[in-house]
Amino acid sequence: MAKVLVFIDNPGNALKKSNLELLTLARSLGESAVALNGELQGDVSARFAEYGVSTVLRPSAEDLNDYLVAPKAAYLAAAAEQTGASIVLLDNSPEGKEIAARLGIRLNAGVITDVVSVDADGTAHKSVLAGSYNTACKASTPVSVLTVKANNVVPEPAAAPGTPETVTVEVPAGSTAAAARITAREQKVASGRPDLTDARIVVAGGRGLDGDFGPVEELADALGAAVGASRAATDAGWISHDAQVGQTGKTVSPQLYISAGISGAIQQKAGMQTAKVIVAVNKDAESPVFEIADFGIVGDLFDVLPQATAEIKKRKG
């Protein structure tokens, strides 16, 4: 049975849906272990047991968060060697990809990014060209490192809970000697909205908003939804880049995705086409977004969205 190592970085008090997806995928491939960076808080330990994790590894050093990714890659390499893992899974975030690249060098391992599924034999499937094609590839090295896109695996607990043991991994001496140190952090102001990649409902705005995200945010708050955006909107500085949905942004797979003032170009489609229901609002009846929408409204979003918000608030009483 293959040994699979999952890297989870600073989960806080609860694991994210994307973490649970990695644990589910790991269990389907073999015996799963977790290399954790951060404290075991809240219900994290219970979740590891629920998802069949056999071992939880912790770093001997407590200051990995004081540096950029190099020491984390060194720790993960030591964890992979200690567990004898043949597959290492990370999230597909920019930091996850950088750690994967450094890990590949340390372990002489093949690295595959943008993975959407993995077969039992380790063959990885990637969604490429903005979701137009799926490709299959497999590392020829003894160890393969895979970064997995969120919202492509359905989280499922193990049939029987496990009793993971906790062990310590010695972080290689000197791994922080030449690493860039983080000198300051600025806490992002909490919006109170759900995380974009985990949200059941997403309301996204694009170029058609002309800089005014007010109608999108008001509708999102009425629905208890996350706010997303097209690349055009984030590049224009109307909203932060962490709200970007698309090929070069985040991949979402909500129950409901509302697109407002977004043309529906292939770049945007790649990040949201797996949504269960897509509602598009655009005043251009020829907009490509209507080709993938389940429901389309041809109209001015500044008229349509406030009406929808008012009706939802009315029905909520």
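Domain bounds here come from an automatic or database domain assignment. With that in mind, welcome to a predicted model whose protein chain is divided into domain 1 (2-169) and domain 2 (201-316). The C-alpha centres of domain 1 and domain 2 lie 31 Å apart.

**Where the two domains meet**

- On the domain 1 side, seven residues are in contact with seven residues of domain 2.
- How much area is buried between domain 1 and domain 2? The value is about 560 Å², and carbon and sulfur atoms give 47% of that area.
- The size of an interface is often given in this way, as the accessible area lost when the parts come together.

**The nine-stranded sheet**

- Start with the open sheet of nine strands, whose order is β7-β6-β5-β8-β4-β1-β2-β3-β9 and whose pairing is mixed.
- Which strands form the edges of this sheet? They are β7 (133-137) and β9, and each of them pairs on one side only.
- On average, neighbouring strands in this sheet are turned by 35° against each other, if direction is ignored.
- An antiparallel pair is found where five bridges join β6 (residues 124-128) to β7. Here you can find Lys 126 standing opposite Thr 135 of β7.
- For a parallel pair, look at β1 and β4, which are linked over three bridges. Leu 5 has Val 88 in β4 as its bridge partner.
- Strand β4 also pairs with β8 in the parallel sense, over five bridges. In this pair, Asp 91 has Val 148 of β8 as its bridge partner.
- Is β4 largely enclosed or open? Four of its five residues are buried, so β4 is largely enclosed by the rest of the structure.
- As you trace any of these strands, remember that in a regular strand the side chains alternate between the two faces of the sheet.

**Helix α1**

- Helix α1 (residues 17-29) lies across β1, β2, β4, β5 (110-118) and β8 (144-148), and runs at about 170° to β1.
- Ten of the 13 residues of α1 are buried, so the helix is mostly covered.
- The buried residues of α1 include Leu 20, Leu 22, Leu 23, Leu 25 and Leu 29, and Glu 21 is also among them.
- Among the elements that cover the buried residues of α1 are α2 (44-50) and the strands β1, β2, β4, β5 and β8.

**Helix α3**

- Moving on to α3, its 14 residues (70-83) should span 20 Å at 1.5 Å a residue; the end C-alpha atoms are 20 Å apart, which agrees.
- How many of the 14 residues of α3 are buried? Eleven are, and the helix is mostly covered.
- Those buried residues include Pro 71, Lys 72, Tyr 75, Leu 76 and Thr 83.
- The cover over the buried residues of α3 includes the strands β1 (2-9), β2 (30-37), β3 (55-59), β4 (87-91) and β9 (165-169), as well as helix α4 (94-107).

**The five-stranded sheet**

- Now turn to the open sheet of five strands, where the order is β11-β10-β12-β13-β14 and the pairing is parallel.
- Its edge strands are β11 (226-229) and β14 (295-298), each of which pairs on one side only.
- Neighbouring strands of this sheet are turned by 15° against each other on average, again with direction ignored.
- Four bridges hold the parallel pairing of β10 (residues 201-205) and β11. Within this pair, the bridge partner of Ala 204 is Gly 228 of β11.
- Helix α5 (residues 214-223) packs on this sheet and touches β10, β11 and β12 (256-260), with its direction at about 175° to that of β10.
- Helix α8 (residues 301-316) also packs on the sheet, where it touches β12, β13 (277-282) and β14; its direction makes about 135° with that of β13.

How values were computed:
Residues numbered from 1 in each chain as written. Predicted model: local features only at pLDDT ≥ 70, side-chain atom pairs only at ≥ 80, totals over all residues. Heavy atoms only, no water. Pairing = 2+ DSSP bridges. Helix = DSSP H or I, 4+ residues; strand = E, 2+ residues; numbered from the N terminus. Axes fitted to C-alpha atoms, helices over the stretch in contact; angles between N-to-C directions. Contact = heavy atoms within 4.5 Å. Expected span 1.5 Å × (residues − 1). Buried < 20%, exposed > 50% of the residue type's maximum accessible area, 1.4 Å probe, protein only. Buried area = accessible area lost by both parts, 1.4 Å probe.
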